[in-house]
Amino acid sequence: MLDIKYIRENFDKVKDVCLKKKVKCDIERILELDKKRRELIQEIEDFKAEQNKISDKNKRDEKEIEKAKELKDKIKNKEPELKITEEELNKLILEVPNIFSEDTPIGKDESENKILRKFKEPTKFSFKPKDHMELGVSLNLINTEKASEISGARFNYLFNEAVFLQFALIQFVMETLTNRKIIKKLANKVNNPFDKPFIPVIPPVIARAEIMKKMDRFDPIDDRYYFEKDDSLFIGSAEHTLGSLHINEIIDEKELPIRYIGYSTAFRREAGTYGKDTVGILRRHQFDKAEMESFIQPEYGKVEQDLIVAIQEYLVQKLDIPYQLIIKCTADMGKPDFRAIDIECWMPGQNKYRETHTSDYMIDYQARRLNTKFRKKDNKLEFVHMNDATAFAIGRILIAIFENYQQKDGSILVPKVLRKYLNFKKIG
RNA sequence: GGAGGGUUGGCAGAGUGGACUAAUGCGCCGCACUCGAAAUGCGGUUGGGGAUCAAUCCCCUCACAGGUUCGAAUCCUGUACCCUCCGCCA
């Protein structure tokens, strides 16, 4: 959420952000309520001050006690109005989207996302490349038919080498991100002064509704698996239980940055995507993902995202898969995002680039909701800046590997960097 | 699921109706001493909101929400969470 003071002082800018992010919110009403709130507070506090003066005295006479009782009634009568005002105000403030960075392109939809750079040319084949499902079925790696029968549409079984490939990818990510030397090298490249490695985490996959709201990930609720009995939800990403890890905490500045690399299953209902990507394993209700999450001082938030993107590029480059790096435009980025960058890997089966990684820089938008602060050297408190990003989304990166590494004879080569974790170099 | 005990500032921990403006210790910040550091000494240090150009003033904050009272960290009710033991369980 944005600071109410910021909204008050930057009315035009905030209105413009809503417009460009295509988020509906009533900024006029917010200011109106904000004014009303402050007036009510003034009124109530004057009564309270008077009341305190009476009860702080050592001796009180009958008259004063009468007066105190009157004041108490006056306060009681005013308070509900303040409460209603604050409730409406808070609700509206939560709907206001985050501001966006200067380099974010202004655009009406995803077609106006900007390509920042490309790695390699799309893979060329001397034969007509198959898509990952053809490969997966013929090599007995993926089964979606049986999964539909057992669990419903958009589920899959992974079999055989695909399973080992998943574990190899996770092992590769975990080793890379916990390696100080590699982090240092990548940090230097982007002028990020911290070589602190990531802490590996396996987080819970269920979060309370309240937590999801504070992460600003509760909505769209239709995309979530919600357990009414427990007022809890399946997470849609490890971000949801990693980013909330320091809720209501004050972190010592010396501890920053705090970097996590979490591995978990993610669950999405994919409501509203009927008919989209129904073949294969690109869009699933359940998938496993390694996710980065970072907490850092505001002045380093931007270079932290640069580091995170550098890590993502490093990982994909090690797999030697062609990709393009894009910065999302205002209409395509998320409501809490300040700057959103995606990696789209080349998928020969579809003959196009598809999103495999995303990196969101939130500035203090989530931290303000979560109440995650840090204590500076001068003892002052400030909200931390948060970054979250994909390390590997297993399903999608498997697609990229299968399709880019396929051979004429229908087999799939294993990327070199993963071979040390496996006892096969080729599938099929 | 059953029984009991808890929740106090960054942390530990005292506090059973008015002097709590929350003891004390640790940590942190500043200063002194020192070539520098450690040790020591002195001072500061919960967080949030409102008014004001500002100095400053006011309100709230002892898990949360209500209640009793002129007055609540303290008494009452409800909720959440944590711990211990028992039961069930991978």
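Two strands count as paired if DSSP finds at least two bridges between them. Keep that in mind, and we'll come back to it once you know your way around. What you're looking at is a predicted model, where local features need pLDDT of at least 70, side-chain atom pairs count only at pLDDT 80 or more, and totals for chains, interfaces and linings use all residues. Residues are numbered from 1 along each chain as its sequence is written, while chains are lettered from A and ligands numbered from 1 in the order in which they are written.

How confident is the predictor? Its per-residue score is pLDDT, which runs from 0 to 100. Chain A has a mean pLDDT of 92, with 99% of its residues at 70 or more. For the complex, the predictor gives an ipTM of 0.85 and a pTM of 0.93.

Now step back and take in chain A. Its C-alpha trace spans about 100 × 50 × 40 Å along the principal axes. The domain assignment (automatic or from a database) gives domain 1, residues 4-94, and domain 2, residues 110-427. The centres of domain 1 and domain 2, taken over C-alpha atoms, are 42 Å apart. Chain A has 13 helices and 18 strands; these are DSSP runs numbered from the N terminus, with helices being H or I of at least four residues and strands being E of at least two.

Next, find RNA strand B. It is surrounded by 19 residues, and the closest are Lys48, Ala49, Asn52, Ser55 and Ala68. "Near" here says that a residue's C-beta atom, placed from the backbone, lies within 6 Å of the strand. Helix 3 (27-56) and helix 4 (62-94) each supply at least two residues of this surface, and the largest share, nine residues, comes from helix 3. By class, the surface has seven nonpolar, four polar and eight charged residues. For that count, Ala, Val, Leu, Ile, Met, Phe, Trp, Tyr, Cys and Pro are nonpolar, Asp, Glu, Lys and Arg are charged, and the others, Gly among them, are polar.

Three of them form an open sheet in the order 5-7-6, with antiparallel pairing. Strand 5 (206-208) and strand 6 (226-227) sit at the edges with a single partner strand each, so one side of each has no neighbour in the sheet. Three bridges link strand 5 to strand 7 (residues 232-234).

Note on methods
pLDDT is the predictor's confidence in each residue, from 0 to 100.
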